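I opened this notebook to record what I looked up in the structure, entry by entry. The entries follow the order in which I went through the coordinates.

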Amino acid sequence: MTDRILIRGGIVLTQDPELGEMPNADVVIEGDRISAIGKDLSADGARIVDAEGDIVIPGFIDTHRHTWETCIRTCAPDFALITYFSAILDKFAPHYRAEDVYSATQWGALECINAGITTLVDWAHIMNTPDHADASVNALQATGIRSVFAYGFPNTSLVDWWFGPDYAGSVLTSDGDEARRLRSQYFSSDEGRITMGLATRGPGFCKPEVVRHDWELAKELDVDITVHVAMDRFGYTKGQITALRDMDLLYPDTTYVHASHFTDEEWELVRDSGGNVSLAPQIEIQMGHGWAPAVTAVEYGVPIGLSSDVATTASADQFTQMHAVFGSERGRKHQQAWDDDLDGLEASPGLITARDALFWATLGGAEVAGLADRTGSLIPGKKADIVILDGSAVNMAPIIDPVGAVVCAADISNVKTVLIDGEVLKEDFKLKTSLDEPRRQVEASRDYLLDKFGEPEPGWLPATG
Ligand SMILES: [Zn+2]
């Protein structure tokens, strides 16, 4: 007999257009899947989880996070993107040992589960040796999180990997043989809890022959690409999409990260090729990438997922991302209404809603991660990736609009229960895994990397006393 769980009497926000929002419903889980959702269900022998007054949602999806940076969390609160490249990618990353990748990835994945993120796209561009790659995958496996391991490239030198002569001097490329090894060793099935993607640099960051190599590698491996585009004021991120078009490399299901400064033509090309965007709103507005262009993506019909990007500079949970995109995109529209001198009694046009934000943090994210066939919404047949939020908390009650409660009031402290594949990984506000040893490991990595960093240059790191 499979394990059976009945989550009883919650306010269930399924994110499914048919099932919608159910104010008092039960969710039945059989093994790793949801078997039924409805009122007054019974399930013989099931373990009962009382969710009366609580809010039941699909687990959040983080569509882009450099999890390896968790061991240097918040070292760079005031950074803009250019200083991030100089300090994090050029002065920390080359020193990473495989054990640092392990400790950071493990800690970051545990952070995700604690915060109700059940699926993580781990944008792993710290593949300095094959051991680093194994460390990434093994750490994800150890925590039980659902994830896309997006195999990247080494970060051993800023000039080699990002800024060669004329911003396009790199002759290095993603290691095809290593990617093939990982594909066959860990990801021979696409049905496991961890699946594979390819994290690439793309036009502007490397020469056309490198771009072609990486895109063809993704096609050979039959995995999706995720790539940073159109961010900050750097010239090298202009024209990336048209360059891919000219090389006939606009693949469907590619994730374009940030996309802060797409032209109209680029939005059309992404939409028409079946691409999607991952917006990291807190990081984008804080570090200077640009606004998180959610309204524009909606106008063009491009799927949106939210992401936390880097723990070096902001909190890395989906409540933060929902607040950031909800506030910034509405703020932009209100400003436009002011600039257009609209009458004060007229609503600002084009405002996003709280329901939009929750959708992007869940099912929208699952579409972007390529996993909407199994997670992101609560319907019978999907994997049981479920979060229960405490509706009685002092910052949540009284509940009137439950989506408003999730998007505008909730935070990590309200994440009461987390299930992935029907497995309870957090219960009664506590992770099932002890944090003692993982914390010791991540602190040891922090100490080692800070020691290797050497003398901070002005503005690169806060004074250490
Ligand atoms: Zn990123």
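**Entry: a helix pair.** I began with the contact between two helices, where Ala354, Arg355, Ala357 and Leu358 in H12 meet Val403, Gly404, Val406, Val407 and Cys408 in H14. Sorted by class, the residues of this contact are 7 nonpolar, 1 polar and 1 charged. I note here that the model is a predicted one, and that every value below is computed from it.

The axes of H12 and H14 come within 9 Å of each other and cross at roughly 70 degrees. Angles of 65 to 115 degrees count as roughly perpendicular, and H12 is therefore roughly perpendicular to H14.

Entry: I then asked how many residues of H12 are buried. H12 spans residues 354-361 and is mostly covered, with 6 of its 8 residues buried. The buried ones are Asp356, Ala357, Leu358, Phe359, Trp360 and Ala361. Two of these, Ala357 and Leu358, I had already listed among the residues that meet H14. The cover over the buried residues of H12 includes strands S1 (4-13), S6 (60-65) and S13 (304-306), together with helices H11 (318-339), H13 (363-369) and H14 (402-409).

**Entry: domains.** I looked up the domain assignment, which gives domain 1 as 4-58 + 374-430 and domain 2 as 63-361. Taken over C-alpha atoms, the centres of domain 1 and domain 2 are separated by 29 Å. Their contact takes 20 residues from domain 1 and 19 residues from domain 2. On the side of domain 1 that touches domain 2, H14, strand S15 (415-420) and strand S16 (423-427) each supply at least two residues. Which element gives the most to that side? I found that H14 does, with 5 residues. By class, the residues of this side of domain 1 divide into 12 nonpolar, 3 polar and 5 charged.

**Entry: the nonpolar core.** The largest nonpolar core has 137 residues, and Val27, Val56 and Tyr151 are the ones that touch the most other members. Helix H2 (residues 98-114) provides the largest share of this core, 8 residues. Why does this core lie between domain 1 and domain 2? Both domain 1 (4-58 + 374-430) and domain 2 (63-361) give residues to the core, so the core lies between them.

**Entry: two partly exposed residues.** Leu158 has its place in helix H4 (residues 158-161), and with 16 other C-beta atoms within 10 Å it is partly exposed. Between Leu158 and Trp68 I read a C-alpha to C-alpha distance of 17 Å, for residues 90 apart in sequence.

Ser273 lies in the loop between helix H8 (264-272) and strand S12 (276-279), and it counts as partly exposed with 16 C-beta neighbours inside 10 Å. Setting aside its neighbours within four places in sequence, I found Ser273 in contact with Leu250 and Pro252. Glu18 is 255 residues from Ser273 along the chain, and the C-alpha atoms of the two are separated by 28 Å.

**Entry: backbone exceptions.** The peptide bond from Ala397 to Pro398 is cis, with omega near -5 degrees, and Pro398 lies in the loop between strand S14 (386-389) and H14.

Asp40 has a positive phi of about 50 degrees although it is not a glycine. This residue, Asp40, lies in the loop between strand S3 (33-38) and strand S4 (47-50). Is Asp40 buried or exposed? With 9 C-beta neighbours inside 10 Å, Asp40 counts as exposed.

Phe429, likewise a residue other than glycine, has a positive phi near 70 degrees. I located Phe429 in the loop between S16 and strand S17 (430-431), where its 13 C-beta neighbours inside 10 Å make it partly exposed.

Methods. Residues are numbered from 1 along each chain as its sequence is written. This is a predicted model: local features need pLDDT of at least 70, side-chain atom pairs count only at pLDDT 80 or more; totals for chains, interfaces and linings use all residues. A residue is buried if 20 or more other C-beta atoms lie within 10 Å of its own, exposed if 12 or fewer, and partly exposed in between; C-beta atoms are placed from the backbone. Helices (H or I, at least four residues) and strands (E, at least two) are DSSP runs, numbered from the N terminus. Two residues are in contact if their C-beta atoms, placed from the backbone, lie within 7 Å. Domain bounds come from an automatic or database domain assignment. Ala, Val, Leu, Ile, Met, Phe, Trp, Tyr, Cys and Pro count as nonpolar, Asp, Glu, Lys and Arg as charged, and the others, Gly among them, as polar. A nonpolar core is a set of buried Ala, Val, Leu, Ile, Met, Phe, Trp, Tyr and Cys residues joined through C-beta atoms within 7 Å. Axes are lines fitted to C-alpha atoms, for helices over the stretch in contact, and angles run from 0 to 180 degrees between N-to-C directions. Angles under 35 degrees count as roughly parallel, over 145 as roughly antiparallel, 65 to 115 as roughly perpendicular and the rest as oblique.
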